[in-house]
Amino acid sequence: MRGAMLYVNAGKGHYIPAVALAESFNNAGHSAIVEDLFIVMGTPFWEWFCKYDWRFLLHHPRLEGVVHSFTDTSLSAFLIKNQGLTKAHLSSLKAWYVKYKPEFIISTNFLGGIILPPALKKLGIDIPVFQYAADVFDTPRSGICKDLTKMYLPTEIGCRNAIRKGQPEETVSLCPFPLQSYIKNYKPAGQKEIREKLGLKDKFTILFALGGEGIGHPDFLYKMVDRGYNWQIVAIGGMSKSTNAAFDKFCREFPYVDFHRPGFVNNVNEYLEACDIQIGKAGANALMESIYLHRPCIISDILYAARATKAFFAENEVGWCEDKVSKQVSIAESYFNNHSLLDDMASRYARLPIEFSSDAFMELIIKDTDEFYAKKK
């Protein structure tokens, strides 16, 4: 089977699940490609705009909430859909389709879910179009599209939210989370052993997840020092210039703090095992990897698309959404003083109704694709 995984270059949250799924398809003997949606549609400006608009808004999370709440409307969906129906964009999409001949397309960003079905219909191309809701707990109102073959979400709360916003129930499907194979196949080595391997001390450790864009601030560190703690801090992810400069300043002021900055790493699994708590803007991938490895996560900035994370945490008691630095430090403090709380949370992680498997997700896509073509006969 030939498939295409289309993402939008706005952070790693859409790219990583596309790659994880393509990896499963190719390893199983199928054929899968990963492409940027806006390159496929012949719109390099929007590819550039999405990338830098997202980076800008990550620097200003409060503004991000205002902007995206204002644009998350059915009117926005209508305008975006019709933009994809222009002659130039249809021509680019057709040329791409003729070249690769995918039997299905799955978009890991809601924009593909509203652009592709009407555009392909206009071209007379009848193939299934799936959308994977990369925010896992919700989908934007502007991403609702009744012409989708299926909208996949890896959590029950995400499915409920999609249906509540207007996605037809028969098109909403609970799916496994497309975990990358190196995470799925990871065999824990033991926290003490993995800390030694990574060159870390065997002490209470906070993992700062700065994400693919590497945007963060050291406010937590200053408050930690103010309360008299010298926990081990590890910051992973590509680091923006402003973030790096802010951490440099902190290190000059408090050189005795055990602060490590390995940068962008390809062994996130090991750093998650080494830490006691993860903190950051943590997107869906970082959060779900943390859940899979039973590591508590504090979401420090609640981005618009991640608002439902708060309800998920409240419902399952497996993490926190907290933007006040003093409360973030208090949460870490309580676990530092009572390590059994971490063990209690780990047991709750194990009971979560979430399946982690790119291979199982692949099988679900194949089944739905086969059903689509069977109905055409």
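Which residue in S2 is the bridge partner of Arg2? Select Arg2 and then Ser31, its bridge partner in S2. This is a predicted model, in which local features need pLDDT of at least 70, side-chain atom pairs count only at pLDDT 80 or more, and totals for chains, interfaces and linings use all residues. Residues are numbered from 1 along each chain as its sequence is written, and side-chain values use heavy atoms, without hydrogens and water.

**First stop: the sheet containing S1**

Display strand S1 (residues 2-7) with strand S2 (residues 31-36); they pair in parallel over six bridges. Strands are DSSP runs of E with at least two residues, and helices are runs of H or I with at least four, numbered from the N terminus; pairing requires at least two DSSP bridges between two strands. Gly3 has Ala32 as its bridge partner in S2. Of the six residues of S1, five are buried (under 20% relative accessible area, with exposed over 50% and partly exposed in between; 1.4 Å probe, protein chains only).

Contact here means heavy atoms within 4.5 Å.

Select the six strands of another open, parallel sheet, in the order S9-S8-S7-S10-S11-S12. Strands S9 (259-263) and S12 (320-321) each have a single partner strand, so one side of each lacks a neighbour in the sheet. Five bridges link the parallel strands S7 (residues 205-209) and S8 (residues 232-236). Within this pair, Phe208 has Ala235 of S8 as its bridge partner.

Select Ile106, Ile206 and Phe220, which touch the most other members of the largest nonpolar core, a set of 67 residues. Such a core comprises buried Ala, Val, Leu, Ile, Met, Phe, Trp, Tyr and Cys residues joined through side-chain atoms within 4.5 Å. Around Phe220, leaving out residues up to four places away in sequence, the contacts include Ile206, Phe208, Trp231 and Gln328. Another core, of 32 residues, lies apart from the largest one and includes Ile115, Leu120, Cys145 and Val172.
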